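Hello,

Here is the structure for you to look over. My notes follow below it.

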Amino acid sequence: MKSRKGGAPYAVSAEEEPFRPRAFRRKLTRFLSKTLAIVEVDIRKLRHDYMEVITRACQPALWLLVFGGVFGRLRSIPSDDLSYRAFLAPGVLAQSVLFIAIFCGISIIWERDLGIVHKLLVSPTPRSAIVLGKGLAAGIRGLAQCFIIYLVASFLQIPINWSPFTLLGVVMLVVLGAVLFSTFSLGIACIVKTRERFMGIGQLLTMPVFLISNAIYPIAVMPGWMRALARFNPLSYEVDALRALMPVGGTSHFGLGVDFAVLAAVTTLLVIAGSRLYPRVAM
Amino acid sequence: MEFVLETESLTRDFGSLRAVDHLTFAVRRKEIFGLLGPNGAGKTTIMKMLTTLLPPTAGTASVAGLNITRDAAGVRRAIGYVPQMVSADGTLTGRENLVLSAKLYDIPRGERAGRVEAALHTMGLVDAADRLVRQYSGGMIRRLEIAQAMLHRPSVLFLDEPTVGLDPVARRAVWEYLMSLKTRHPTTVVLTTHSMEEADSLCDRLAILSHGKMAAAGTPLELKASIGPEGATLTDVFSHYTGGELETGGDFHEISKRRRTIRRLG
């Protein structure tokens, strides 16, 4: 009898089959349809109870109105060639996406306690489809925030770039950022497994990720050690790209291609890692 | 005799604790098979291994002819599972829960609506189909969960304490549905329970577990006869084979999970 010490991950016979294009297409179609089914669940939940979207909108509105208003008057933070509020708006958008996404982990623990995770894991749904679906669902919530931030920004007369190309870029960045941070949060939840521990670690990570980034001030004004850390922070790349696309006259410091490439690469790695970690939450 | 589920020396360790200890048993096609045992006897761990949620430390098992470790994806397509916790999503309607299951189990688009309607009809949930599940009674939630697990017509249906927290009428409705499965589908049912009444009236055969090992197995009649005196009840059998001592097994998480389920269904 073959021993499986500590329980190694399951081998799936389908993965050992030789490559067949038609079977691959069928698997890909199933993967996408199941990913979308997971996303659809969250959209339906938001339709049944949309108060969450409204209440979550208060925080970014306050950042733009109060923080942006005060620090704009101080003129103490260099903001490229933008007004401080125009400089801040992409940072606030990235921050609200981060805050929504990072607390996805707690919903995974909640769903584990309800048995929903067990039900998903026992279904023939690839783990990666579940993880990606959860991430894209966070992206939908992020897009709702994006819509509200655009409304507030318009109300505050921040010059916004409305071209379809830049709007599409912003949508992609919001979704990419949400998948990235929600998958990161899911991974932590699968390791710590309890709400109490997750809340502690979640708060411990969220603020440094936000503060050691270019969300509310440029990387150039940071001390050397913080500048080095900020370059390893995916949020910096998200803000950099949003700042190039969202306000009129915005520029990218790293280059849009670098921003998208870093975000896509980190997201892919996290989805792969999250897919391996996800079954642990039910063990 | 055709077996749809077989285990051979199935073992699972959690650190130094052996939760399931070289367990070997087989379940026949279309029978209702019950796993009985005190808290911490290993019932839920066995169920998690057989449903591919947990890999075994040693030993092997096959479900619907598929190895649970080598063909986990195949096993998942062949089984339905109702966990002990309330697993229907309370923030969705009953119909939405069923449609989600239909999508996750690859039920062809053209068949989905028909299967969902048939499931709602069978379970007596047609009138409540478009209400949020959090407004359902405990019995309705359990019936919905069983409908979700049966939607793709699995070979084996696993139920982890299916009637915990239900009132007697709702419990009877679940039993009647499970017994009716024999005539309607070629589905085998494997369930865990703490209720001797449930085990006696519902199960064709039982396995009594103690400390992760098989203490006894057989039909309820065989088990009662095995301890001697006429008129023995299944509770006597349970006490006989598990030592009749006050239980010390289970853990905080398990107990709180059960109480949460009872609270949500009650």
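**A helix pair, an interface and a fold**

The crossing of α3(A) and α7(A) is right-handed. Please keep in mind that this is a predicted model.

The two helices cover residues 58–74 and residues 127–155 of chain A. Their axes lie 10 Å apart, at an angle of about 30 degrees. Angles under 35 degrees count as roughly parallel, so α3(A) and α7(A) are roughly parallel to each other.

On the α3(A) side, the contact is made by Pro60(A), Ala61(A) and Leu64(A). They meet Gln145(A), Ile148(A), Ile149(A), Val152(A) and Ala153(A) of α7(A). By class, that contact has seven nonpolar residues, one polar and no charged.

Next, the two chains together. Contacts link 35 residues of chain B with 34 residues of chain A. On the chain B side, the elements giving two or more residues are β4 (58–63), α2 (72–78), β6 (79–82) and α3 (94–104) of chain B. α2(B) gives the most, with five residues. By class, this side of chain B has 17 nonpolar, 10 polar and eight charged residues.

Last, chain B by itself. Chain B has 10 helices and 10 strands. Its C-alpha trace spans about 50 × 40 × 35 Å along the principal axes. A compact globule of 266 residues would have a radius of gyration near 18 Å, and chain B has 18 Å, so the two agree. Buried residues make up 52% of chain B. Of the contacts in chain B with a separation of 6 or more, 69% join residues 24 or more positions apart.

Best wishes

Note on methods
Residues are numbered from 1 along each chain as its sequence is written. Chains are lettered from A and ligands numbered from 1 in the order in which they are written. This is a predicted model: local features need pLDDT of at least 70, side-chain atom pairs count only at pLDDT 80 or more; totals for chains, interfaces and linings use all residues. Two residues are in contact if their C-beta atoms, placed from the backbone, lie within 7 Å. Helices (H or I, at least four residues) and strands (E, at least two) are DSSP runs, numbered from the N terminus. Ala, Val, Leu, Ile, Met, Phe, Trp, Tyr, Cys and Pro count as nonpolar, Asp, Glu, Lys and Arg as charged, and the others, Gly among them, as polar. The radius of gyration is taken over C-alpha atoms; the globule rule is 2.2 Å times the number of residues to the power 0.38. A residue is buried if 20 or more other C-beta atoms lie within 10 Å of its own, exposed if 12 or fewer, and partly exposed in between; C-beta atoms are placed from the backbone. Axes are lines fitted to C-alpha atoms, for helices over the stretch in contact, and angles run from 0 to 180 degrees between N-to-C directions. Angles under 35 degrees count as roughly parallel, over 145 as roughly antiparallel, 65 to 115 as roughly perpendicular and the rest as oblique. A crossing is left-handed if the near helix is turned anticlockwise from the far one by less than a right angle, and right-handed if clockwise.
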